[in-house]
Each structure stands twice: as C-alpha cells, then as structure tokens.
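Try each one before you read its solution.

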Amino acid sequence: MNLRRLGAIVLKELRQLRRDRLTFAMIVGIPIMQLVLFGYAINMDVRGLHAAVLDQADTARSREVVAELGASQVLDFRYQLATPQQLDKLLREGSISAALVVPPDFEARLQRKDRPPLQLVVDGADQVVQASARQLAAYPLPGWPNLTGVQVVNFYNPERLAPLNTVPGLIGVILTMTMVLFTAIALVRERERGNMELLITTPVSPWELTLGKVLPFVGIGLVQVTVILLVGLWLFEVPVRGSLLELYGASLVFIFASLTLGVFISTLARSQFQAMQMAFFTFLPQILLSGFMFPFAGMPHAAQWIAEILPLTHFLRLTRGIMLRGAGLADLWLELVVLVVFALVMLTVAVMRVHKRLD
C-alpha cells in the first residue's frame with residue numbers, strides 16, 4: 001500500500017466534502033440538533049398539564065386542597081367547571097389532559113377514610129398523562145394527615161393498554177417517514193434523468209407539475225392508513241370510536257401536507273442522496289417534539305412553539321381524538337386548519353421554486 005496515494009485520495013475526499021455544503025451542514029447540524037433536543041427540549045418531568053377543577057363540595061377545605069395540588073405545578077388549572085358534562089366536553093376536545101373532581105361528600109370522606117376524597121380524571125389516550133397522574137396521586141399534601149389518596153380515573157383507556165396510545169400515533173409517524181421521503185426525491189429524480197428539460201418544452205405549468213408529482217402518492221398514503229387500522233384492530237384491538245370518514249378526511253389533509261413538504265425539499269436538493277438527507281433531517285424533530293415519544297407538556301415553551309409548526313403534532317391530536325376519545329372534526333377543527341395552512345404554504349413555496357427552476 002502506497003501511503004502517498006492513500007493520502008491523496010483522503011485529501012481529495014475531504015476537499016469534495018468541503019464543497020458539498022449540505023452534507024457538511026448535516027454532519028455538524030444533526031449532532032447539534034440531537035444534543036439540543038435531548039438535553040433541552042426533552043423532559044420526562046411533566047409540568048403544567050392543562051387541567052380543570054370540578055369542585056362539587058365548594059368548601060374552605062376543598063378549595064385549600066385544590067390550591068395545594070395546583071402548587072405542585074404538575075397541573076395547570078385553566079377551567080373552573082360546574083357540571084360533569086363540561087368535563088366530558090373538554091376532555092373529548094383535547095382542551096384538557098386531566099380534571100380534579102371534588103365530590104359533594106368530600107368532608108365526610110375525609111372523616112371516614114373509607115374512600116379516596118378526590119378523583120383525578122385523566123385522558124387515557126395519552127400514556128404520559130397516565131404516568132403523571134399516578135405520580136400526582138401519591139403527592140403528599142402538607143397539613144392533611146387525613147387525606148388518604150387520590151383516585152385516578154382513566155377515561156378512554158381504563159385498562160391502560162399501551163397499543164391504544166401508540167397505534168394512533170404510529171399512523172402519523174409512518175406517513176411522515178414515507179410520504180416526505182417519496183416526494184423528496186421526485187423532482188430530483190426527474191432532473192437527474194434529464195426529464196426536466198423535456199418538461200420545459202411542454203405547456204405543463206409549475207402548478208400542474210407539482211400537483212402531478214403529489215397526487216399519485218395520496219392514494220398510497222390512504223392505503224397505508226387502511227393497513228395500519230386493520231392490523232391495529234386485528235392484533236391489538238385498537239378501536240375507532242369516532243367517525244371513520246372523518247379519520248380518513250384528517251389523514252387526507254395530513255398526507256397532502258407531508259407530500260408538499262417533500263416536494264419543497266426536492267426543490268432544495270441537488271441529488272437524490274441530498275433529498276434523502278434533508279428528509280431524514282425533518283423526521284427527528286417531528287417524532288421527538290410532536291408528543292409521540294415524549295410529553296409535550298414537559299417541553300420548554302420555545303420547543304412547544306416549534307412543535308406547533310410541525311404537522312405531525314396536530315395530526316397526533318386528531319388521530320387520538322377521533323380514534324380514542326370519539327371526538328369529531330368539529331371538536332378538533334383548529335388542528336385541521338393548521339394542517340391546511342401548512343399544506344398551502346408549502347405548496348405555494350414549492351411551486352414558486354419549481355417555476356424558478358423551469359425558467
């Protein structure tokens with residue numbers, strides 16, 4: 001082996017890497033992003049869960065207990081409720097993750113010590129919320145030696161089955177990985193094969209070209225949704241308690257949003273390899289910040305703001321709401337609007353860049 005020839009080849013590769021700015025940015029950017037996400041944004045110590053209070057006793061003691069639990073900072077009491085129907089509505093809409101219920105016989109339960117004097121109703125569609133609720137149930141209240149515990153009531157998942165939490169989220173994760181990746185290489189492949197020059201000579205407009213690249217994958221995405229639902233029902237008995245038609249409608253909007261993101265990436269990349277790199281670069285923050293793997297409420301506000309821009313965050317709320325809580329699109333309309341806006345913005349930007357390349 002000639003060390004001089006070997007060194008020359010290594011030097012050549014380093015120079016070529018330096019010219020490839022995107023690859024160099026990925027080499028530096030991915031470790032930094034992972035470090036920031038895992039060290040700063042990801043926090044398993046949940047704080048500030050959106051919650052409500054239904055104080056049916058309305059005594060000085062009950063109000064003091066509510067204040068003590070609020071001081072734990074695990075629950076952020078945003079609603080004061082008057083009826084159980086209001087509690088059901090807020091949970092179904094996803095406006096709250098938990099609700100503290102003080103029964104009318106609160107004082108008597110404190111004296112008898114035969115039943116828990118408080119109930120904590122939690123959204124069982126989110127496994128992280130369940131874990132936080134169990135932690136809160138054992139939270140010691142200073143000055144209350146007679147308080148024997150808090151009864152945790154899991155709505156929508158009383159048996160605490162993990163597949164009921166993961167399968168609805170997996171629909172979004174799988175669609176994100178496949179739809180973005182498929183379309184990220186679509187226009188790049190046309191350029192590498194020389195087909196882009198042929199398209200320039202035809203009357204095809206940038207809108208027609210972009211939509212033509214997106215629409216075939218819409219059907220593929222709907223097929224994937226169907227497969228996941230059938231396998232989830234067959235293997236794990238994961239139900240669809242809401243409207244199946246509305247679930248497919250929400251999936252259709254999310255598929256289109258993911259596809260437009262992929263087309264936008266394809267207009268930035270110079271090769272299929274770069275397109276794949278950039279597609280994978282978008283997967284990490286979506287999976288980590290969307291609430292699929294880690295608690296959304298435990299993230300700093302800056303990370304939550306970033307997560308609100310990502311389409312997977314809103315689709316997870318839609319799938320869990322429709323499949324597990326029986327909510328409708330009328331209850332979750334804001335999440336759907338965000339996905340539509342994201343898709344329109346990405347599509348417009350992608351078309352503008354395609355027009356620029358065609359010119």
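Predicted model: local features only at pLDDT ≥ 70, side-chain atom pairs only at ≥ 80, totals over all residues.

**Exercise 1.** What percentage of the chain is helix and what percentage is strand over residues 278-297, and how far apart are the end C-alpha atoms?

Residues are numbered from 1 along each chain as its sequence is written, and side-chain values use heavy atoms, with hydrogens and water left out.

*Solution.* Helices (H or I, at least four residues) and strands (E, at least two) are DSSP runs, numbered from the N terminus. Residues 278-297 come out at 60% helix and 0% strand, and their end C-alpha atoms sit 28 Å apart. Now try residues 214-235: that stretch is 100% helix and 0% strand, with 32 Å between the end C-alpha atoms. The unreviewed UniProt entry lists both ranges among its "transmembrane region" features; such annotations may be inferred rather than shown by experiment.

**Exercise 2.** Work out how strand β1 is placed and paired.

*Solution.* Start with burial (under 20% relative accessible area, 1.4 Å probe, protein chains only): 6 of the 7 residues of β1 (residues 49-55) are buried. Next, pairing, which takes at least two DSSP bridges: β1 runs parallel to β2 (residues 75-80) over 5 bridges. Finally, find L49, which stands opposite L75 in β2.

Terms used
Buried < 20%, exposed > 50% of the residue type's maximum accessible area, 1.4 Å probe, protein only.
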